[in-house]
Amino acid sequence: MYSDVSIAGDPLELPHLLPPVPQHPHSVAEFAGLARSIAADRAQWAPQVRYDATTRWYARLRTGPGYEVWLLSWLPGQGSGLHDHGLSSGVLTVLDGTLHERALTARGETRRTLTPGHQRVFAPGYVHDVVNESLDGAVSLHVYFPGLTEMTPYACTPGARTPAQA
């Protein structure tokens, strides 16, 4: 008489037949490195860039266990509005052009000019606004961990850090 074990083999040995569980970055430095490695592969992301005159254009480039990578394009004057990323941490990397960031922290407002290669790393609760104030298009890469499920908009008045009313 044949048993399942004699026909199919030991079920505890099955994992060797399965594809390996994909690994994901485990530190801020590794997520920043992931963003830099994707940024360095221009042939991968550049053909996917699109510009939309009515809104920022975006596309999800990649997902992994618990994270996702987004490509965004910005025409002159386009911005994100003041927002946070819910429970997600993230890495913003500028690929082309120039973006301007305004961040609200416990120490007040900070403004930065971000050019190709600049990275901004942020934790949950980070409130910022990103705008293309230049005369040329811009492209950025965004890695979120865990994947982005919510963005809270905030009133864009000076000194505001309260969620905007829906």
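## Salt bridges in a predicted model

The side chains of Arg 60 and Glu 68 form a salt bridge with an N to O distance of 3.1 Å. A salt bridge here is a side-chain nitrogen of Lys or Arg within 4 Å of a carboxyl oxygen of Asp or Glu. By this rule, the count is six salt bridges. The structure is a predicted model, in which local features need pLDDT of at least 70 and side-chain atom pairs count only at pLDDT 80 or more, while totals for chains, interfaces and linings use all residues. Residues are numbered from 1 along each chain as its sequence is written, and side-chain values use heavy atoms, with hydrogens and water left out.

| Pair | N to O distance |
|---|---|
| Arg 60 and Glu 68 | 3.1 Å |
| Asp 96 and Arg 42 | 2.7 Å |
| Glu 101 and Arg 112 | 3.3 Å |

The residues are described by relative accessible area: buried means under 20%, exposed over 50%, and partly exposed in between (1.4 Å probe, protein chains only). Arg 60 is partly exposed at 48%, whereas Glu 68 is buried at 8%.

Asp 96 and Arg 42 also meet in a salt bridge. Asp 96 belongs to strand E3 (residues 89-96) and Arg 42 to helix H3 (residues 42-45), so this pair ties together parts 54 residues apart in sequence. Helices (H or I, at least four residues) and strands (E, at least two) are DSSP runs, numbered from the N terminus. Asp 96 is partly exposed at 24%, and Arg 42 is partly exposed at 42%.

Glu 101 is buried at 2%, while its partner Arg 112 is partly exposed at 28%. A network of salt bridges links Glu 101, Arg 112 and Arg 120.
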